[in-house]
Amino acid sequence: MDPTAQVSPLHEMAPEAPFHSKGSVYIESYGCQMNFSDSEIVASVMQEQGFHISQEASQADIVFLNTCAIRDNAEQRVRARLRELKSLKKSKPNLVVGMLGCMAERLREQLLDQEKLVDVVAGPDAYRDLPRLVDQALDGHRGMNVLLSLEETYADVSPVRLTGNGVSAFITIMRGCDNMCTFCVVPFTRGRERSRNPDTILEECRQLWDQGYKEVTLLGQNVDSYLWFGGGPKKEFHRLTAEEKAQALDFAGLLKKVAEAFPGLRIRFTTSHPRDFTDNVLKTMALYPNICPYIHLPVQSGSTRILQRMNRGYSREWYLERIQAIRKYLPHAAISTDIIAGFCSETEEDHQLTLSLMEEVAFDSAYMFKYSERPGTPAAKKFEDDVPEEVKNRRLQEIIDLQRRLSLQSHQRDVGHTFQVLVEGPSRRSPDQFCGRTPQNKMVVFPWKAGIKAGQVLSVRIVDCTSATLMGAFI
Ligand code: SAH
Ligand code: SF4
Ligand code: F3S
């Protein structure tokens with residue numbers, strides 16, 4: 001998942017405010033794609049209850065910040081934004097400010113105490129309750145709901161597509177996480193893992209297809225443990241009854257269903273977990289050309305000792321074996337990863353193992369982070385955050401420098417080859433150019449040509465590259 005915190009202006013908006021509008025809501029999202037996807041659920045819930053969606057914080061009656069708690073800097077960014085909103089509230093005393101998402105879940109009452117500005121606090125499983133909480137706040141009473149659920153998947157909520165290009169959309173297929181990686185706050189902010197009814201996933205694909213979308217990304221913190229056996233909280237496969245087993249649908253099965261039902265739709269998914277990533281998923285990917293050959297497989301560290309401390313459930317050798325399996329079934333697949341520099345007790349030798357693993361795999365791209373201790377996580381309780389800041393910085397920089405070289409080499413291998421590029425729209429940097437993605441999820445920029453429209457799939461030949469972008473031309 002792309003965990004870079006960012007502000008998302010809302011591009012594609014609801015129609016005119018209904019006559020009976022109870023007020024306008026502006027939603028700003030931070031964190032991973034899961035949060036951006038949740039904001040679309042929030043928009044839908046609010047619209048259903050007579051609120052309308054606004055594009056401008058300054059014009060809204062209600063401002064929601066959908067927040068991320070994954071690293072300290074993600075939280076700092078939200079606090080800075082809250083300070084900005086303070087001045088808006090001075091000129092608009094009735095403005096309702098809501099804090100949603102992972103930071104809301106993590107801080108709970110503390111938020112209402114510390115941040116006098118916040119009127120509503122709602123965790124990721126409480127979004128159906130938002131209209132009530134907002135009504136309560138409009139009456140002058142601050143409201144909070146941070147209950148986590150074993151069942152909530154918002155399966156019946158039709159998301160209002162907020163950001164994006166009308167070409168590619170996200171579909172949440174599961175929520176929560178049961179993994180307990182020691183560094184990670186997500187199991188605490190998003191609760192237990194639960195899978196969504198596949199019929200509602202297929203229905204959401206159908207709606208998107210009817211609206212002209214050409215690509216979907218199936219989202220979950222660990223999509224490989226998707227398991228549907230007729231509802232309720234997930235159980236381990238071996239605990240299912242014989243009847244449940246016969247009906248159970250795992251991730252490979254779900255992929256197959258979506259790929260078969262929508263042969264014209266490009267299908268992506270994220271995030272895969274190295275421990276649970278099966279050959280069955282790879283075989284399914286190899287079988288259906290509309291499942292994109294791109295796998296995001298976060299490794300976190302190249303050292304088995306550190307992986308154990310992280311409770312990741314695999315070793316360096318296991319990870320490399322999974323990479324070999326990918327190369328065997330999908331020789332043209334692109335692979336990306338997440339890496340954490342400077343986890344508790346990481347030595348120079350552990351760090352070198354991360355660098356050598358990166359070289360060995362030759363990742364096409366990577367998201368790279370400095371370890372940030374999160375209060376309440378197993379690592380915060382059990383281990384000392386003992387790698388000095390300057391050492392973390394230096395190791396992270398070495399990782400980034402190496403990845404820049406690997407990304408450039410990956411792009412150089414594509415030069416001279418032709419790819420089927422799904423056009424996303426005009427390039428942000430130069431308006432006389434268009435951009436789109438290869439099946440391997442690499443961004444290609446190419447010259448404008450009469451008749452090109454977002455959503456088309458074009459044959460583009462790669463003629464040049466940088467470490468960040470491929471440059472294309474038409475044959
Ligand atoms: N479910 C996904 C990850 C979600 S969080 C998975 O298991 O891969 C996205 C990434 O943020 C993680 O892969 C990890 O690299 C990073 N991350 C999580 N907690 C972190 C922390 N405390 N400090 C630094 N990076 C962290
Ligand atoms: Fe966090 Fe691990 Fe779950 Fe990913 S799999 S969300 S890193 S606990
Ligand atoms: Fe995502 Fe951040 Fe929550 S990465 S799951 S929004 S803590």
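Tutor: Let us begin with a lining, that of the second largest cavity, which is formed by Ser37, Ile41, Thr153, Tyr154, Val157, Pro159, Thr172, Arg196 and Glu204. This is a predicted model, in which local features need pLDDT of at least 70, side-chain atom pairs count only at pLDDT 80 or more, and totals for chains, interfaces and linings use all residues. Residues are numbered from 1 along each chain as its sequence is written, chains are lettered from A and ligands numbered from 1 in the order in which they are written, and side-chain values use heavy atoms, with hydrogens and water left out.

Student: What makes a residue part of the lining of a cavity?
Tutor: On a 1 Å grid over the protein atoms alone, a cavity is a set of points where a 1.4 Å probe fits but cannot get out, and a lining residue has an atom within 4 Å of a point.

Student: How is the lining of the second largest cavity divided by class?
Tutor: It has four nonpolar, three polar and two charged residues, where Ala, Val, Leu, Ile, Met, Phe, Trp, Tyr, Cys and Pro count as nonpolar, Asp, Glu, Lys and Arg as charged, and the others, Gly among them, as polar.

Student: Why is the largest cavity said to lie between domain 1 and domain 2?
Tutor: Domain 1 (6–145) and domain 2 (168–412) both give residues to its lining, so the largest cavity lies between them; the domain bounds come from an automatic or database domain assignment.

Student: What makes up the shell around ligand 3?
Tutor: The shell of ligand 3 consists of Cys32, Asn35, Cys68, Ala69, Ile70, Cys102, Val186, Arg190 and Gln221, a residue being near a molecule if one of its heavy atoms lies within 4 Å of it. By class, this shell has six nonpolar, two polar and one charged residues.

Student: Why is Ser345 called buried?
Tutor: Buried means under 20% relative accessible area, exposed over 50%, and partly exposed in between, with a 1.4 Å probe and protein chains only. Ser345 has a relative accessible area of 17%, so it is buried. Phi of Ser345 is near 75°, a positive value in a residue other than glycine.

Student: Why is Ala362 placed in another class, and what is its phi?
Tutor: Ala362 has a relative accessible area of 21% and is therefore partly exposed, while its phi is positive, about 55°, although Ala362 is not a glycine.

How values were computed: On a 1 Å grid over the protein atoms alone, a cavity is a set of points where a 1.4 Å probe fits but cannot get out, and a pocket is an open set with protein on both sides within 12 Å along at least five of seven lines; lining residues have an atom within 4 Å of a point.
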